[in-house]
Amino acid sequence: QVQLVESGGGSVQPGGSLRLSCAASGRFFSINRMGWYRQAPGKGRELVAVITDGGNPNYGDSVMGRFTISRDNAKNTVYLQMNRLKPDDTAVYYCNVAFRLPTMELRGAWGQGTQVTVSS
């Protein structure tokens with residue numbers, strides 16, 4: 001299985017920046033897609049950004065042009081650089097990965113979530 005450890009959340013003023021990290025560890029054959037989702041109070045979980053094992057990103061419409069997702073395959077870590085943050089970006093951010101077990105079975109895992117608050 002895979003364990004995910006997230007870091008980098010916090011509070012920031014509008015227009016500021018934060019960088020989230022999510023490191024995967026455990027017993028697996030490979031890490032495939034990695035990504036970030038978020039959930040604001042009273043709302044459903046939504047896609048922020050995902051990145052394939054080949055490095056191809058895909059972004060939610062609301063963060064396009066402001067957020068950048070990247071990954072370090074040697075460290076099994078995915079990053080989310082968040083710039084020009086807005087109050088509407090306030091949410092709990094969750095890391096998500098798709099991975100293959102040594103048996104080649106495809107599984108998914110979620111991180112515990114990290115709070116991002118954008119407020120003046």
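**Rings, charges and strands**

Let's start with a charge: R19 lies over the face of Y79, 4.2 Å from the ring centre. A charge counts as sitting over a ring if NZ of Lys or CZ of Arg is within 6 Å of the ring centre and within 35 degrees of the ring normal. Keep in mind that you're looking at a predicted model, where local features need pLDDT of at least 70, side-chain atom pairs count only at pLDDT 80 or more, and totals for chains, interfaces and linings use all residues. Residues are numbered from 1 along each chain as its sequence is written, and side-chain values use heavy atoms, with hydrogens and water left out.

Now for the strands. Helices (H or I, at least four residues) and strands (E, at least two) are DSSP runs, numbered from the N terminus, and two strands pair if DSSP finds at least two bridges between them. Follow strand β3, residues 18–26: six bridges join it to β1, residues 2–7, in the antiparallel sense. Across that pairing, Q3 stands opposite S25 in β3. Strand β3 also pairs with β8 (residues 77–82), again antiparallel and over six bridges. Here, A23 stands opposite T77 in β8.

What about rings meeting rings? The structure holds two aromatic pairs. In one, Y37 and W110 sit edge-to-face, 5.3 Å centre to centre with 65° between the planes. To count as a pair, rings of Phe, Tyr and Trp (its six-membered ring) need centres within 6.5 Å; planes under 30 degrees apart are called stacked, over 60 edge-to-face, and the rest tilted. This pair links distant parts of the chain, as Y37 is in strand β4 (residues 30–39) and W110 is in strand β10 (residues 106–110), 73 residues apart.

W110 also pairs with Y94, edge-to-face too, at 6.5 Å centre to centre and 85° between the planes. Y94 lies in strand β9 (residues 91–100) and W110 in strand β10, so this pair ties together parts that are 16 residues apart in sequence. Put together, Y37, Y94 and W110 form one aromatic cluster.

Y37 is buried because its relative accessible area is 17%, and Y94 is buried at 16%. W110, at 44%, counts as partly exposed. W110 has a charge over its face as well: R45, at 4.6 Å from the ring centre.

Notes
Buried < 20%, exposed > 50% of the residue type's maximum accessible area, 1.4 Å probe, protein only.
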